[in-house]
Structures are given as structure tokens and as C-alpha cells.
Amino acid sequence: MSLAKEEKWTIKIGLASCGIAAGARKVYDAFKTQLKDKGLNVEIKQTGCMGMCYNEALIEVISPQNESTFYSKVTPDKVERIINEHIARSTPVTEWIIPQKELKSLMAKQKRVVLRNCGIIDPESLEDYLAADGYKALEKVLNSMSPQEVIDEITTSGLRGRGGAGFPTGIKWGFARKAEGEPKYIVCNADEGDPGAFMDRSVLESDPHTVIEGMLIAGYAVGASEGYFYIRAEYPLAIKRLEIALAKAMEKGFIGENIKGSGFSFSIKIRQGAGAFVCGEETALLMSIEGKRGMPRVRPPFPANSGLWEKPTTINNVETLANVAWIILNGASAFNSYGTEKSKGTKVFALAGKVAHGGLIEVPMGITLKEVVFDVGGGTSSGLEFKAIQIGGPSGGVIPASMADTQVDYESVTKTGAIMGSGGLIVMDESSCMVDITKFFLNFTQEESCGKCTFCRIGTLRMLETLKRIANGEGKEEDIELLEELAHTVKRASLCGLGQTAPNPVLTTIKYFRDEYEEHIRDHKCRAKKCQALITYEVISEKCPGCGVCAKYCPTKAISGERKKPFVIDQEKCIRCGLCMNVCRLDAISVQ
Amino acid sequence: MADGSMTEEKIDFSVIDAIARKHSVERGAVIPILQEVQDTLGYVPKAVIQRIADDIDVPASEIYGIVTFYAQFRLEPLGKYLIKVCHGTACHLCGAEMVADTIAQVTGAKEGATSEDKLFTVERVACLGCCSLAPCIMINGDTHGRLTPESIDKTMQEIRKKEAASAG
């Protein structure tokens, strides 16, 4: 019997949203069904995000000797061979595994603090979390530290808010501790609204207890008794796993009255965001929890003194809270041994766009953008030249490839005109147009402006109109100056972070890619071939076999022709959506 | 869950009252009430706004203001399949417009609208957070990634086939 136990295999399947979208649930079911009557000693385990999203659906096979093998892009029809060859006969299916070399290069420059349990434990199992030293930091705090000692430890660690602004967490907690008024609240901002960012979703889907533990410690430190998770309704799986985690933590006495006999009581509720980007701003978020339209208000008073229902409130981001338990257990000095002088620890990024190895990564502060894109990210996915990186989402900016030596820390990134933001990193190659991407972000911020401040409400719209004009080849010489002037005015005259940062994409792209704007205006040319008004699609007759697929998908019926003869695009009808180019398997469509 | 075919005349107001009662013990309950109502009915009918207002003693104008402020709430019923087309940064770079065009083409519903057969409602969303699988969409809560015009077409045809089979 004990021998059989030693012979146990484990198969871990990444069941976070990305994995499930790539079909991991079906793979999980296939393993369950096919292993049923095999008589093999295999435990099939769900985990969260393993970070290598470009390989989804992703599984890890762990042998009885504890050797780990990762399989990428697993589909249900691959399951049988993996069982029959790898598990039954200990010979891995080499053509499907991720080479050790690739795994090493991916991990070499990463350091996992926040993501320490992601992809390793079952997010729905409290036992798994406890086995990974879960809730030990909470017990340490309750048994042997005063609230002030906790605040001092966090202050010494140098942890700064990971939501974007980078305010020192320990100092924030100190303000709330000193503030008068009862009850005090802790709010976890999980309203991750930046397009292109999925750090908070992944952490909550993969290791919800870490965030809960961080919130409990924050609550103890500031003297709060109630906590709220404000989480986007667009993240149903994160909400579900958080609900499960809260229920289990409550059942085991980690949440509730007189936690572990310490006299400290804390309750936690979930509030779902209802789809308003501005609610990521802290005062707007509080309005939303109070059941109102989420519109920011003037600070001061700061939430630390007058927040939720005018009581002292501490608002921390998911990633910030996910650092807390690790710092308490490993010590402030372990944490601040990573990073730069003013930016300590690590930062989680959602690496996406035109990058080969997209996924969830965690790197020490101070690493260069170049290392992130090439060493961790494996370069561009298209093989085209790396052009720029977008950091900080709609509030951030574009940093050109020529400045890829920029260090990733709050100060260095801010110096470029971008902001660190919450962790979206979008890699762009030669096929990305800077006017187009700026138009994209302005379209977003313009739609999401709550309308309270005139300059944000109207200014973003005027900027968007100007950008559209430029993209349409109708730009005027003075448009660039007009954009800059508007940008500075909107920055100055807006109340909250949304308006103050919305012009950043405009300013950084003009700063670093002015020639591209000028090209659109003067030569009516889009070098990335992205701006629809400035390009034409044509069929390359020599390559076209006349299969008619393009004509079938053309939304305006602009393509016609006889079967087996080259087709033709009617330029009058063509809306330049590029669908034909996407569906043509023979590269018989060109764009000029 | 969401049944888009429910018309205003058929609303069972006792259900609304129960939802309101359940949440009203909490402070700031309006949004959770509206969320549960929408989960139940698929949208927030105008008549229901008045009912909630009466139930929890908040002016109907204020509730209407909340419904229209947040993108999540709908005043119109949904098609049977809600397709959320992701327009996040990664999806934008990887062809979100192409996805939107294809979906409009094969479902007959443009973004923000419902197809004539009431089968599909297509919505534009900011980001589904599945950026590594761009471009992606969500159909009734399930995310589909790495889309191509062919894969979208296939998925929609499967839905139509399933619907045709269950109808007759």
C-alpha cells in the first residue's frame, strides 16, 4: 500500500480563465474519464494560472520521483497518448512538451512573490493553501506582533501600491490607523479595468486566499473590522473562487468574530463592479460601493480619514495585498533585497500583444524592458521587428524600442512620460500604427470619462476627433500642436487620475513617433498599413486560385470573380477591414 | 437564467420584491439589487425600476441614473446568446475589428444590437482579460480565444444547428 503511494503521479491542469478558454476544462474531463479504469495511481488536480498563457491549454505531469514535465497546447485527443506513454511507460511524448531550455529562459529572470502559489496549488482548496504556509503570516501577526509593528514591517519593506500610483503601503496604513472614527474599512480594489491587464484576475483565480490573508493583516494593522472586495463583474470565475475561499476561510475561523482567539474580528463582503472604468479611481469606487453613480470627488478629505460612509478607509490593490503575507513571513529585508533604491520587491505584468511568450510574469523591479520583451517574452511573435512597448494601459504611454534599456521601476518609467500603471505590458511590432493605437486608447478613455470635469469630458472627445482626422488622412499641419495643447490642458484641469493620465498615450506617441504623425498628415501614408482610409487591398492575380473564400467572408460583397480564376476587389465597395487577407490561406491578398 | 423573451407584462413583481428585500438589509444595496434583477430577467425593464424604487424607498430617477451610468445594465431584453466582443489592447492589435466584422456578418447583429431572430446579442466590451489568447470573445460566459473568421463561423453555425435541433 505504501509502495503504491510512492508511485503516485500528479497531473496539474491550469484552469484559470485563459486555460478554460483554450479548452483546458475539456482536457481535464478527458483525463478524468480516460484514467477511470486504467488502474493507475494518478491524482488529477486543478490549479490556476501557470503564467505561460501562450501555451494554453497547459498541463504539468509530475512523476513519482517528482520530475516535472509541461505539455503545451493540450487538446482532449492528445490525452490518450500522454497517459499510455508518459504515465504508463514513463516515456514523455517529447514532441508536445515544452523544452527545458524554454522553461529556463522564461523563469531565469523572474522572481515569484505574488505568484508564488499560482499554478501550483488548487485555488479552491484551503488545505492546499495551508500546506503552502497559508494563514501562517496572519497567525504570526495575531500572536506576536502589535498593529504598529505590522505597519513598521510593511513600511520597512518598501512595498508601494501596485494599482499604479505607487504610494507607500505602510504609510497609507499608518494614516488610517491614526484616523478617528469607527468602524474602519479595508477595500480591495479588484476593478481591473485597463484593457490588456489581467494580473488581478489571474491572482484571484489562482490563489484567492493570499489576497484574503493580506486583507486580514491590513485590517488588523489599521484597526478595521470590515472589508470589501470590489471586483469586476466581467470576471465571473474570479468572483466564484473568491466566494469559495471566503466561505472556507470563514468555516475554519480565519474570518469572523474573535479570529483564532485573538480578540480581532473581521468580516469580508464582495461587491461586483458594474462596468465603469472610472470606478478603479478610489473615490469613485467608494461611491459605487455606496450604491451611487461612480463619480470621483475632490480629495482631501482622503479616504484614510473619510472614505466609505465617511469612515476611515484603506484601499489597496489586489497585488499589493498579495505581497503582504510573504513580507510578514519572510521579513521586510527579504522583500527589499529585490528592486531598486525607491522601488522595492517585484512587479507582476500581463505580457501580451505581439510577443512570443505572452502570459503572466513577475519580475524584480529594476529589470529592463528589453529583458522583459526578449529574455522573458522571447521577442516578437510575428518575427517582425520590435517597435515599442505600451505600459500602463490607457493611462500609460508608449516607450519606443530605442529606449528598451529603461528600467522597470516607478521613477524610470514615469520619466519616459508613461506610468508604471497596474501591470499591462503590450508589445508592438512593425505592424502596429502609433496613431491607431493612440486613437484606440482615446476612444476608450473618452467613452469611460464619467463626465464630471469639462476638460476630461470634452477634451478627450476633441483629441479623439483630431486623431480620427489624422488617421483618415484629413489631418492638418497644426493638428499635432493642437493635440499637445489639448493634452496638457486636460491633464491640468481634470479632477481624477482618469483625466490626468488620459493624454499620456497622445503625448508619448507624439514625443517618440512624431514622424509617423507627420507621415499620416503630409503624405497620407500609414507605414504600419493599419489606418483603413490610407490603404488599399488587392488580389495578387498570380497567386489567387479562385477559391472564393475571401468573397464568402467579405462583409460588403466587394469581392467577386469566377471560380478557379483570380478574383477582384471592387475598391468602391471595399471598407478595408482586412478580413479577406485574414482568411486567404495562400497570401494572395496584398495591402498597400 | 437570462430569458430575453420575457416581456414587461409578464414580470412577476413578487420576485423583484424578494430580491429587494434580501439586499435591503445592507447599505448601498441598489447595485446588487439591479445586478440580481438583471441576472434573473436578462435586463432591467423600466417598470421594474419603479418597483425597486418603491420597495427600497429611493427615487426612481436615482435608480435610472445608476442603470444608465454603468455599462453592465441593459434596459432592453437580450438575445438567447450574448456575445461579448473583446476590444482590449491585445485584441485590438490582433484583429478585434476583424472579429467584430465577422460576427456581424454571420449573426446579423451589429455591436450593441440583437439579431432579428433574437438569437444573438452582440456587445462591445473593454477587456475580457484573456489577452494571451487574443482575439477573444465571450459567449454566455464562456470565453473563446485565438479566433479566426473560420472558427467564429464554425462556432456560430454550431449554435444555430443546436437551436434548430431543439426547435424541431
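**Chain B and its interface with chain A**

In this predicted model, 42 residues of chain B are in contact with 66 residues of chain A.

Reader: How much area is buried between chain A and chain B?
Author: About 4200 Å². Carbon and sulfur atoms give 58% of that area.

Reader: Which residues of chain A lose the most area to chain B?
Author: Ala274(A), Arg293(A) and Tyr553(A). Together they make up 15% of what the chain A side buries.

Reader: Why quote an area for an interface?
Author: Because the accessible area lost when the parts come together is often used to give the size of an interface.

Reader: How many salt bridges are found across the interface of chain A and chain B?
Author: Three, by the rule used. A salt bridge also joins the side chains of Lys552(A) and Asp153(B), at 3.4 Å from N to O.

Reader: What does the C-alpha trace of chain B span?
Author: About 50 × 40 × 20 Å along its principal axes.

Reader: And how many of the residues of chain B count as buried?
Author: 53% of its 168 residues. The accessible surface of chain B is about 7500 Å², and 51% of that belongs to carbon and sulfur atoms.

Reader: What about positive and negative side chains in chain B?
Author: There are 17 positive and 24 negative ones. The centres of the two sets are 4 Å apart.

Reader: Last one. Which share of the contacts in chain B with a separation of 6 or more comes from residues 24 or more positions apart?
Author: 61%.

How values were computed. Residues are numbered from 1 along each chain as its sequence is written. Chains are lettered from A and ligands numbered from 1 in the order in which they are written. This is a predicted model: local features need pLDDT of at least 70, side-chain atom pairs count only at pLDDT 80 or more; totals for chains, interfaces and linings use all residues. Side-chain values use heavy atoms; hydrogens and water are left out. Buried means under 20% relative accessible area, exposed over 50%, partly exposed in between (1.4 Å probe, protein chains only). Contact means heavy atoms within 4.5 Å. Accessible areas come from the Shrake-Rupley method with a 1.4 Å probe; for residues, only the protein chains shown count as cover. Lys and Arg count as positive and Asp and Glu as negative; His and the chain ends are not counted. The place of a charge is taken as NZ of Lys, CZ of Arg, CG of Asp or CD of Glu. Buried area is the accessible area (1.4 Å probe) that two parts lose on being put together, summed over both. A salt bridge is a side-chain nitrogen of Lys or Arg within 4 Å of a carboxyl oxygen of Asp or Glu.
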